[in-house]
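I opened my notebook to keep track of what I looked up in this one. Here is the structure, and my entries follow.

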Amino acid sequence: MLPRAFLLFCLSLVCLSAQATSVVFLNPGYSNERFWVNYSHYMQDAAGDLGLQLEVLYGERDANTMMSNARAVLERANKPDYLVFVNEQYVGPEILRLAEGSGIRLFALHSTLTEEQQQRVGGSREKYSNWIGSLVNNDEQAGYLMASALLRGVPDGSELVAFSGVKNTPSATLREQGLHRALAEHPKVRLRQLLYGEWSQQRAYEQAKALLPRYPDVSMVWSANDEMAFGAMQAAKEAGRQLSYTALNNSQKVLQARIDGDISVLATGHFILGACALVMLHDYDAGLDFAERGGKDQTARLLRLVDARQAKKLQARLARSDIGLDFRRFSATRNPAMKEYACSIDELLR
């Protein structure tokens, strides 16, 4: 017969587990899509550090599936404490409408409602009081930094083509805006064409294969992610062209391409954004409102350029099963006097 103390200890563990703050993340990506799967993996790491219970539902890049997942969560008898959504394909307002009065607190991640959408339905903590806030990347700045680095020192009259993501995705739109801001500072550089490669290597390859012969003087490719950069690179190699490329992501392949010099400019850091959002929700649940530490709607300056040396360090850290980043260190529960959040990948680059 088991000792009474041991039984009480086990019971206390069960009770603690049952009381763990629960979060459902409506992941918009494919369930086999490397970026979004890894994104969720880092969120699970953070949830473990913070004592949160996290469930991930994949939207398979389909608006109907995303909405079906949202409805299923809202219809549960045992609802989660928090529902984290992405305004991919502009589904945010409908999710907010459905969740009104549900008792679930909502948080927008990665892409929040556009200015136009917020003019119609209001911002966080306004019409929908259970929408408590948002956290997005510095996507416009990333687009600008990539383009500025690519264009630095090029001769007047140089030409480039650009590959953006999905047209109705806020992060793609913001990265494009950054590109155009940089181009405005280099008026003698010509953007020949901007295409929507839909984040896909195959799609960008097919587009570049048709596009590059039209523009024999193009020497640069600005790409909003790594897959599209690799698609354009494949088409250029088949055509015997040597071009300079930007990319944005954290895959082992793109980090190696930056190390080898095949990618001239690489931006990364956004892969821990979801984990940083869980830090904010953990603090909010503990009575430390993130609105008092940077505002209810925040932009994390995670995206940054990395050189070949930094890419090598990051590649080694991300190849580990545990990248060794304790997300509790970013929490206000560790430092209640903290004025703003400073979630970053700096530690992974040391």
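**Entry 1: the sheet**

I started with strand β4 (residues 105–110) and strand β5 (residues 131–137), which pair in the parallel sense over 5 bridges. For my own reference, strands (E, at least two residues) and helices (H or I, at least four) are DSSP runs numbered from the N terminus, and two strands pair if DSSP finds at least two bridges between them. Looking across from Leu109, I found Leu135 in β5 standing opposite.

Before going further I noted that this is a predicted model, where local features need pLDDT of at least 70, side-chain atom pairs count only at pLDDT 80 or more, and totals for chains, interfaces and linings use all residues. Residues are numbered from 1 along each chain as its sequence is written, and side-chain values use heavy atoms, with hydrogens and water left out.

Then I traced the whole sheet: it is open, has 6 strands and runs β2-β1-β3-β4-β5-β11 with parallel pairing. At the edges I found β2 (53–58) and β11 (297–300), each pairing on one side only. On average, neighbouring strands here are turned by 20° against each other, direction ignored. Helix α2 (residues 34–50) packs on the sheet and touches β1 (22–27), β2 and β4, and its direction makes about 170° with that of β2. Contact means heavy atoms within 4.5 Å; axes are lines fitted to C-alpha atoms, for helices over the stretch in contact, and angles run from 0 to 180 degrees between N-to-C directions.

**Entry 2: the cores**

Which residues touch the most other members of the largest nonpolar core? I got Phe25 and Leu278, out of 98 residues. A nonpolar core is a set of buried Ala, Val, Leu, Ile, Met, Phe, Trp, Tyr and Cys residues joined through side-chain atoms within 4.5 Å. Beyond four places in sequence, the contacts of Phe25 include Trp36, Leu54, Val84 and Leu109. I also spotted a second, separate core of 21 residues, with Val24, Phe85, Val91 and Leu106 among them.

Is Glu88 buried or exposed? I have Glu88 down as buried because its relative accessible area is 4% (buried is under 20%, exposed over 50%, partly exposed in between, with a 1.4 Å probe and protein chains only). Glu88 sits in the loop between β3 (82–85) and α4 (92–99). Not counting residues up to four places away in sequence, Glu88 touches Pro28, Arg61, Met66 and Thr169.

Ala319, in the segment after α12 (308–318), counts as exposed because its relative accessibility is 56%.
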